[in-house]
Amino acid sequence: QVQLVETGGGFVQAGVSLRLSCAASGDTISSYAMGWFRQATGKEREFVAAVSRLGGNTVHADSVKGRFTISRDNTKNTVYLQMNSLKPEDTAVYYCAAVGVRYSIIRTRAYEYDYWGQGTQVTVSS
C-alpha cells in the first residue's frame, strides 16, 4: 500500500509556472502507474496527466497539452507535474493518484486508481 502527499500548490498570477510534487511512501512507486487529476469547485474530478511506471509513456489532457508535463523520479519515489503558462481555468485542487500495474500501462480514468493523495490547491488569478 502506498501513501501519497502532494505539495507545491499556491496562489499565482496567470502566465507563471508551478511545479507540483507527489511524494510516495509505504512502497516503491516503480510498480505503479501514476496520474494527476484536478477538481474545480462545483465540477467533477478530471484527468490531467499520467505516466507509466518507468516513465517511458506519458499522456496529457488536451486542456493542458503543451503547458503541463508529468514526470517521475523513481529513485526519489516522487512524481511531478510541471505547470507552465497557467490560466485561471487551471484553478482547482490537484490530486496525485497511483495504481499497481505489471506493465507500462497508463491509466486515465479516476476509477482505475487505487490510491490518492489529499490534494493541493492551485489558484490562478487573471
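Rings of Phe, Tyr and Trp (its six-membered ring) count as a pair if their centres lie within 6.5 Å, with planes under 30 degrees apart called stacked, over 60 edge-to-face and the rest tilted. By that rule, Phe37, Phe47, Tyr95, Tyr113 and Trp116 form one aromatic cluster, and a search of the whole structure finds 6 aromatic pairs. This is a predicted model, in which local features need pLDDT of at least 70 and side-chain atom pairs count only at pLDDT 80 or more, while totals for chains, interfaces and linings use all residues. Residues are numbered from 1 along each chain as its sequence is written, and side-chain values use heavy atoms, leaving out hydrogens and water.

**Tyr32 and Tyr115**
- The ring centres of Tyr32 and Tyr115 are 6.1 Å apart with the planes at 70°, so this pair is edge-to-face.
- Tyr32 belongs to strand β4 (residues 32-39) and Tyr115 to strand β10 (residues 115-116), 83 residues apart; strands here are DSSP runs of E, at least two residues, numbered from the N terminus.
- Tyr32 is buried at 6% relative accessibility, whereas Tyr115 is partly exposed at 22% (buried means under 20% relative accessible area, exposed over 50%, partly exposed in between, with a 1.4 Å probe and protein chains only).

**Phe37 and Tyr113**
- Phe37 and Tyr113 also pair edge-to-face, at 5.3 Å centre to centre and 80° between the planes.
- Because Phe37 lies in strand β4 and Tyr113 in the loop between β9 (92-100) and β10, the pair ties together parts 76 residues apart in sequence.
- Phe37 is buried at 1% relative accessibility, and Tyr113 is buried at 5%.

Technical notes
Helix = DSSP H or I, 4+ residues; strand = E, 2+ residues; numbered from the N terminus.
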